[in-house]
Amino acid sequence: MKRALKACLEAMDHAEDYQAWSDAAREYDRLSGNDEWREEDASPHYDYKMIRLRYNELRTARQRGDVNQLVFYINEGLHGNLGRIANPMLYQQCYFGTKKLISDYLEEVCISLKWICETDFPNFSLVQKLDFFERTHQAFGESALMLSGGAALGLFHLGVLKAMWENDLLSSIISGSSAGSIMASVVATHTDDELKVMLDAEYIYAEAFRMVGWRGTLRGKGLLDPAQLELCLERNVQDLTFEEAFKRTGRRINITVSPADPHQESRLLNAVTSPHVLIRKASLASCAIPYVYPPVMLWAKNINGEKVPYIPSRQWVDGSIKNDLPIQRLARIYGVNHSIVSQTNPHVLPFLSRAEASHKTVGSYLKDMVISNARYNVNQVLDFTKNRISNRGLALLVDKAHSIVSQRYQGDINIVPARQPMNAFRILSNASPEDVARYIRSGETSTWPKLEMIRNATTISRTIDQCVGVLKVEEQRELQEYSQNQASA
């Protein structure tokens, strides 16, 4: 038995794609007895009695054809973490998936939603359906994928994006900061057919860094040549505004930029807040690490389609400094209440735990306590200092440092690369095609164990989105038929 289990683990380590990985993971769970845990409803990590009750109520109402009772049950208790079914601890026992009761409940919710959407009812009209689904959509919320900064390490995000996209789990709401903004821009400006090529290691142009020498640095131009970074963006990102990109792909990209002076707030650029801003320039600004790249002025298209400066009196720098993961702003604009984070920031990775609570040792908890306490103390000192410095340049530097220390760098589901200390020396190095392939592979293999958790966490919101889309098309068709009948009459 031990040999068979070891063979499964080796097959998972060497899997070429998610199907091969999941087959090996399922076989390991079968041989190890994890399937028995999955079949048993009970667990201290969630309210299995509530979930069992909700499952039976929904299924019974649907089987009876009682749409009004079913709608009542859904309105009564539908939210993403009902009974703590999204608890990460529920995904630590098995390599693949979680409790069967949770999977059955989520499946029944989606079946019920589709049944309401697709069935004609004499006492539940199209208008009532649309009202129900739009309210449910607003109440349930959405999930967003957030890509952190990380310079060259941000190529890891490509593997995360590829794994999610190939399994139809890529969120339509994607934020990116610094290096993450480039990767977000790639998927936001290319259609699904184009992504088949773009997410290939041999196609991505990864030469973003070129030294300009210390003379340029001393003159305030930065350590690296921004023209080379701009060339990298031109090779990988379509020349579109946020609004144009959304109309082309339907993906809602968000790029964070930080102010170059201490008297401005950071911005979240997207098709809602800044529809006419050019994505390439936004990403260039988000990548402008202070003292490495010079600050950037944004550009936009005016009503005549001409490229013009956008807020020409302001310049912007690295988005991860002020708001690496803009969850609050995404919540306000899109109703996001669930986050999937791909984290590659080199100043964050050493302090992130790769183990869930059930696998932590006493030493791990002590380490977390020390780090948390040190972070709090540094944050307090920087907060006290930043408003008491008269030198503008030093005050700006302290303000940036305070922003970096005070941020939260994790989400509800976190995808983090394996520890590789040598990566610290590759942060500002151009990646060869072999390096890009290695980063993508790392991103994929780090994402595969999270995919079932992502699928379960997003399946209801994705189903609601689909239903809203179907019903709006039906509403438009009925309006056209009505207009034609009026015209002929």
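Student: What sits over the ring of Trp37?

Tutor: The charged end of Lys99 does, 4.1 Å from the ring centre. A charge sits over a ring if NZ of Lys or CZ of Arg is within 6 Å of the ring centre and within 35 degrees of the ring normal. Arg438 gives another case, with its charged end over the ring of Tyr439, 4.8 Å from the centre. Before we go on, note that this is a predicted model, where local features need pLDDT of at least 70 and side-chain atom pairs count only at pLDDT 80 or more, while totals for chains, interfaces and linings use all residues. Residues are numbered from 1 along each chain as its sequence is written, and side-chain values use heavy atoms, with hydrogens and water left out.

Student: Why is Asp131 called partly exposed?

Tutor: Buried means under 20% relative accessible area, exposed means over 50%, and partly exposed is in between (1.4 Å probe, protein chains only). Asp131 is at 40%, so it counts as partly exposed. Arg135, at 39%, is partly exposed too.

Student: How many salt bridges does the structure hold?

Tutor: There are 20. Among them is the one between Glu444 and Lys162, at 4.0 Å, N to O. This pair links distant parts of the chain, with Glu444 in helix H19 (residues 433-447) and Lys162 in helix H8 (residues 156-166), 282 residues apart. Glu444 has 9% relative accessibility, so it counts as buried.

Student: Which parts does the salt bridge of Asp192 and Arg251 tie together?

Tutor: The side chains of Asp192 and Arg251 meet at 3.2 Å, N to O. Asp192 lies in helix H10 (residues 192-198) and Arg251 in the loop between helix H13 (242-249) and strand S3 (252-259), so the bridge ties together parts that are 59 residues apart in sequence. Asp192 is partly exposed because its relative accessibility is 40%, whereas Arg251 is buried because its value is 9%.

Student: Why is the pair of Tyr18 and Trp21 called stacked?

Tutor: Rings of Phe, Tyr and Trp (its six-membered ring) pair if their centres lie within 6.5 Å; planes under 30 degrees apart count as stacked, over 60 as edge-to-face and the rest as tilted. By this rule the count comes to seven aromatic pairs. The centres of Tyr18 and Trp21 are 6.0 Å apart and the planes are at 15°, so this pair is stacked. Tyr18 is buried, with a relative accessible area of 10%, and Trp21 is buried at 5%.

Student: What makes Phe132 and Phe133 edge-to-face?

Tutor: Their ring centres are 4.9 Å apart and their planes are at 70°, so the pair is edge-to-face. Phe132 and Phe133 are both buried.

Student: How do you know that Ile460 is buried?

Tutor: Ile460 has 4% relative accessibility, so it counts as buried. Ile460 lies in helix H20 (residues 451-488).

How values were computed: Helices (H or I, at least four residues) and strands (E, at least two) are DSSP runs, numbered from the N terminus.
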